[in-house]
Amino acid sequence: MARTRSYRLAHAVAYALVLPALLLGWTTVLGPVADAAPREGQAALAVRGGDTLYSAGSRCTVGFNARSGSAEYALLSGRCAQTGGTTWYADAALTVPVGVTAGSSFPGNDYATVRYTGTTVARPGEVSLGSGAGTRDITAAARPVVGQSVCHVGRTTGLRCGTVQGVNLTVNYGGGSVSGLFRSSACSEPGDVGGPAFSGTTALGIIVAGSGNCSSGGFTYYQPVVEWLSTYGLSIY
């Protein structure tokens, strides 16, 4: 038990030193969400995991799309969602409304849900893999396991892969601690927060912070998605 506490404390200290750089990436480069070729009866514009939603004062990356019955939701970083307004748009000019905040949790956890409204934007159960890399259909969610392969998609660094190094980690943000996180050997950089992390077609979590960079190496922390889905009664589709 003492060994586990020491492990968490060591990584909490490291996290506290590198957290601001990654979190500040929320408000760096602005750009539109990805367009998708329209299908029959479907809107021409689509928001997938890895794409961006905008509110007054912030923009956040969508981790995954999820649903409860006929209602559909976007999963975001809670800390990011709390920095802006509660109405979300598909464009930086805030002219295409797509949803409203349905709930958020930070500190303690780092997650939020946005309930999609209207039919002007499609919400496929996929993640965008980055420019020119296509998409990945996500069909389930699971808890991460140490040694498991994992990939994530960041707005800055694109698709990166590694292995799960630790689970049930507690780290300190400036505004409080967050527990139950997992860590991987995949690198990330400022701007990647909120990006989806998955193994094959299974959702594992979203990026919340990291250390190092993708030139010299580093690691990334994630908010697991299973607890989150259970809290809001959602499922991946």
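Student: Buried means under 20% relative accessible area, exposed over 50%, and partly exposed in between (1.4 Å probe, protein chains only). Where does L94 land: buried, exposed or partly exposed?

Tutor: Partly exposed, with a relative accessible area of 30%. This is a predicted model: local features need pLDDT of at least 70, side-chain atom pairs count only at pLDDT 80 or more, and totals for chains, interfaces and linings use all residues. Residues are numbered from 1 along each chain as its sequence is written, and side-chain values use heavy atoms, without hydrogens and water.

Student: What about the L94 backbone? What's its phi?

Tutor: Positive, about 60°, although L94 is not a glycine. L94 sits in the loop between strand 6 (87-89) and strand 7. Strands (E, at least two residues) and helices (H or I, at least four) are DSSP runs, numbered from the N terminus.

Student: And N168, where is that?

Tutor: In strand 14. N168 has a positive phi too, about 55°. N168 is partly exposed, at 47%.

Student: Which residues does the cis peptide bond join?

Tutor: F106 and P107, with omega about 0°. P107 is in the loop between strand 7 (97-105) and strand 8 (111-116). Most peptide bonds are trans.

Student: New topic. How many residues are in the largest nonpolar core?

Tutor: 28. A nonpolar core is a set of buried Ala, Val, Leu, Ile, Met, Phe, Trp, Tyr and Cys residues joined through side-chain atoms within 4.5 Å. F64, L75, I138, F198, V225, L229 and I236 touch the most other members. Among the elements supplying at least two residues each are strand 5 (71-76), strand 17 (202-213) and helix 3 (226-232).

Student: What lies apart from it?

Tutor: Another core, of 16 residues, including V62, W88, V98 and V114.
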